[in-house]
Amino acid sequence: MKLGILINKQAKNLGDDIQSYAAAKLLPRVDYAIDREHIDTFSSKHNEPVAVLMNGWWMWRKWNWPPADCIIPKLTSMHINTYTVAQLGTPLHAEWLTGCGREYMQKYGPVGCRDHSTIAFLKEAGIKGYFSGCLTLTLPEQPKTPDAGTYVCLVDLHPKLEAEVRKRLADTGLEIRAFSHDYDDRPVGQSLKQRFDNVEKILTQYQNARFVVTRRLHVTLPCIALKTPVLSLVNKSNVKNSSRWDSYADLLHYVDESDFLSGNYDFDFHNPPPNRDAYLPIRESLIREVQAFVQQYQDVSCTLEEVRKTSYTEAEKLLWQNQMMKTALDKWMRANKRIIDHKSALRKKLKQTAKTLKQYAQFIEQLQADGVITEVSLPEVSDPVISDYEEDAKSASFWDRLRKAIRAFRN
């Protein structure tokens, strides 16, 4: 049977390619690189079955689930949340894990999850999951270079954090190399080899660094696999972070951003501590699971119907997807209508407020002309537009204080 991995062709984050690279390194060969975000329309040659490692972030386009029938999956190292291309504005939450979507998970499960929040999410949908850890913990070490140990990597730190880290490194004698995993300038249509060459280039930098400081999970976990000391600076109050990071807290030098800025941490920049080896059982278990999956399928010659586990037909799947998208669209349209209605009400209220404030302006000008009050500087009040909400709010605050002062003067 053919073997496959997932890629995200539209990825703007190198972390996606690191996930794909980690999967490829565990397989004896890669026959297919399948676009994760369009996994439902993948077509193999002659509809042959393809055994695929399904690690990664699931998924931005959740309406493109379940995968094509020819994909025989190893559901491992999956992270699942309620985001789509619209982030928290999505109308889709767990609907994609009903009907055919749930059957796919149940038939090919249990689902290996890379964090406990995913296990909980699946449990609510009636799907069994277990903590597998992340496949990037299995990455192989990269070549040593002549400059090994002479520099430190700072990866995607916010400016305030980076400035503080640079201050702590000032007397270490280490070169500072700043990197980003953002890929805004990625050429369209990069080949798998080009993607993996980029991955190996950055992993080699991490491999040979004295240590690494980052806020990205898919810098931290690869560094653990590479045995490069790594300090992770994370905003723990952000649930999007804690849901992904907390499962690895015992493996990491893991510091909240605010604690780091206040000096409340014990990481020694002159003598960075080694990573903890608590990750090794996770790494070894993942490798065994993938090896068993490969051994089960790589030398098998069979038809799709002999290995496929789901029972729905292609027509039933398309009907279910269509209904899910209709439901999502209806929910989105209703939500948009509420937003538009609220926006219209705000616009109407803002216009009325502007009218009232103009009347106050005329009243103040009359008081000044009569010598009742001294000259004051008044903010301009004009017919508002939506883009002026913030400035109008500032003006309204001024006029609110002035209105109270006028009441007091009258009394």
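**Exercise 1.** In what sense do strand 12 and strand 13 pair, and over how many bridges?

*Solution.* A quick note before we start: this is a predicted model, where local features need pLDDT of at least 70, side-chain atom pairs count only at pLDDT 80 or more, and totals for chains, interfaces and linings use all residues. Residues are numbered from 1 along each chain as its sequence is written, and side-chain values use heavy atoms, leaving out hydrogens and water.

Step 1: strands (E, at least two residues) and helices (H or I, at least four) are DSSP runs, numbered from the N terminus. Two strands pair if DSSP finds at least two bridges between them.

Step 2: strand 12 and strand 13 have four bridges, in the parallel sense. One example is V234, whose bridge partner in strand 13 is D256.

**Exercise 2.** Which strands stand at the edges of the five-strand sheet?

*Solution.* Step 1: write out the order of this open sheet, 10-9-11-12-13, with parallel pairing.

Step 1: look at the ends. Strand 10 (175-179) and strand 13 (253-256) each have a single partner strand, so one side of each is left without a neighbour in the sheet.
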